[in-house]
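Colleague: I'm new to this one. Could you put it up and walk me through it?

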Amino acid sequence: MRLKNKIALVTGGARGIGQAVSELFAGEGATVVILDVLPAGKQVARAITEGGGQAEFLEVSVTDKTALTKLMAGVHEKYGRIDILINNAGITRDRTAEKMSEAEWDAVVEVNLKGVFLCTQAVIPYMKAQGYGRIVSAASNVGLRGNYGQTNYAATKAGVIAMSKTWALELGKYGITANAVAPGFTRTDMTEQIPGEHLEAILQSIPLRQVAEPLDIAYGYLYLASDEARFVTGTCLTIDGGASR
Ligand SMILES: NC(=O)c1ccc[n+]([C@@H]2O[C@H](COP(=O)([O-])OP(=O)(O)OC[C@H]3O[C@@H](n4cnc5c(N)ncnc54)[C@H](O)[C@@H]3O)[C@@H](O)[C@H]2O)c1
């Protein structure tokens with residue numbers, strides 16, 4: 001078991017990649033706390049518990065600083081530590097730069113960038129005090145190379161990589177690592193709206209000629225959250241079938 005006795009918070013764990021991370025981490029011995037705005041997180045936690053793992057669901061938005069501060073204090077009081085934070089919650093509001101509304105820009109920045117910052121800020125005191133922490137945040141290969149119709153999203157994902165490098169610098173001396181994962185196109189609710197002809201073009205751009213499944217990405221999170229990655233910080237692990245090689 002690679003995460004035995006670890007307390008792990010997973011934002012956006014109610015479905016998609018976050019659900020796969022939650023299930024994988026619980027299977028590796030972690031106690032998983034799923035944070036999501038979707039009540040479906042409760043079923044994910046219940047299924048983990050019924051399977052013999054440890055999990056609970058707490059309904060919260062990663063954009064709510066007051067609620068997050070209270071929630072982290074409660075989690076710490078209950079379990080005595082917070083070892084791992086997986087900043088996975090994210091949204092898209094795609095439109096070309098010319099047509100993108102200010103509301104679409106703001107919504108994506110609020111969740112994907114500020115949400116990651118707020119969750120990280122809320123766990124730092126606990127990780128610092130215990131001299132141990134693993135912070136792994138969701139970037140995207142779009143943050144490395146841009147993407148048509150994703151000005152807002154690409155900016156936030158590049159920002160996640162830059163924030164992770166900054167936290168590696170600021171927090172390394174406390175035994176805390178900070179890294180990002182940059183998935184390529186992954187089969188989840190987020191990507192199911194992509195029209196067929198578009199999907200074909202995406203497949204042609206991926207050397208492995210497949211899209212990722214959530215578990216392909218979850219294994220990257222597992223490595224960076226484990227003790228095996230104790231000397232890895234400030235990096236971004238791209239998992240995209242070679243698309244941004
Ligand atoms: N699917 C892909 O192709 C892909 C590629 C690269 C990066 N990513 C990133 O991986 C992460 C997960 O993506 P996914 O495909 O599983 O998406 P998804 O839409 O299936 O799941 C995202 C989860 O985040 C939750 N969430 C959204 N806003 C929230 C908020 N304010 N507070 C708490 N939870 C919130 C949603 O309720 C949902 O459960 C995202 O950050 C996404 O940008 C996805």
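Colleague: Which elements each supply at least two residues of the shell around the ligand?

Modeller: They are α1 (16-27), β2 (31-36) and α4 (102-130). Helices (H or I, at least four residues) and strands (E, at least two) are DSSP runs, numbered from the N terminus. Before we go on, this is a predicted model: local features need pLDDT of at least 70, side-chain atom pairs count only at pLDDT 80 or more, and totals for chains, interfaces and linings use all residues. Residues are numbered from 1 along each chain as its sequence is written.

Colleague: Which element gives the most to that shell?

Modeller: α1 does, with three residues.

Colleague: And which residues come nearest to the ligand?

Modeller: Gly 12, Gly 16, Gly 90, Thr 188 and Met 190, out of 29 residues around the ligand. A residue is near a molecule or strand if its C-beta atom, placed from the backbone, lies within 6 Å of it.

Colleague: What's the shell like by class?

Modeller: It has 13 nonpolar, 13 polar and three charged residues. Ala, Val, Leu, Ile, Met, Phe, Trp, Tyr, Cys and Pro count as nonpolar; Asp, Glu, Lys and Arg count as charged; the others, Gly among them, count as polar.

Colleague: Let's zoom out. How many helices and strands does the protein chain have?

Modeller: Eight helices and seven strands. The radius of gyration is 17 Å, close to the 18 Å that the globule rule gives for 245 residues, so the chain is as compact as a globular protein of that length. That radius is taken over C-alpha atoms, and the rule is 2.2 Å times the number of residues to the power 0.38.

Colleague: What box do the C-alpha atoms fill?

Modeller: Roughly 50 × 35 × 35 Å, taken along the principal axes.

Colleague: What share of the residues count as buried?

Modeller: 45% of the 245 residues. Buried means 20 or more other C-beta atoms within 10 Å of the residue's own; exposed means 12 or fewer, and partly exposed is in between, with C-beta atoms placed from the backbone.

Colleague: How many residues does the largest nonpolar core have?

Modeller: It has 69 residues. Those with the most contacts inside it are Ala 8, Leu 9, Val 32, Ile 34, Ile 86 and Tyr 221. The largest share of this core, ten residues, comes from α4. Such a core is a set of buried Ala, Val, Leu, Ile, Met, Phe, Trp, Tyr and Cys residues joined through C-beta atoms within 7 Å.

Colleague: What does Val 32 touch?

Modeller: Its partners include Ala 8, Val 10, Phe 25 and Ile 48, leaving out residues up to four places away in sequence.

Colleague: How far does α8 reach from its first C-alpha to its last?

Modeller: α8 (residues 214-225) reaches 16 Å, close to the 16 Å expected at 1.5 Å a residue for its twelve residues. The expected span is 1.5 Å times one less than the number of residues.

Colleague: Back to α1. Is Leu 24 buried or exposed?

Modeller: Buried, because Leu 24 has 22 C-beta neighbours inside 10 Å. Leu 24 is in helix α1. Its contacts are Leu 215, Ala 218 and Leu 222, not counting residues up to four places away in sequence.

Colleague: Where is Glu 28?

Modeller: In the loop between α1 and β2. Glu 28 counts as partly exposed because it has 18 C-beta neighbours inside 10 Å. Among the residues it touches are Met 1 and Leu 222.

Colleague: Which residues have a positive phi without being a glycine?

Modeller: Asn 5 is one of them, at about 65°. Arg 209 is another, at about 55°. Asn 5 sits in the segment before β1, and Arg 209 lies in the loop between α7 (196-204) and α8.

Colleague: Why does Arg 209 count as exposed?

Modeller: Because Arg 209 has 10 C-beta neighbours inside 10 Å. Asn 5 is exposed as well, with 12 other C-beta atoms within 10 Å.

Conventions. Two residues are in contact if their C-beta atoms, placed from the backbone, lie within 7 Å.
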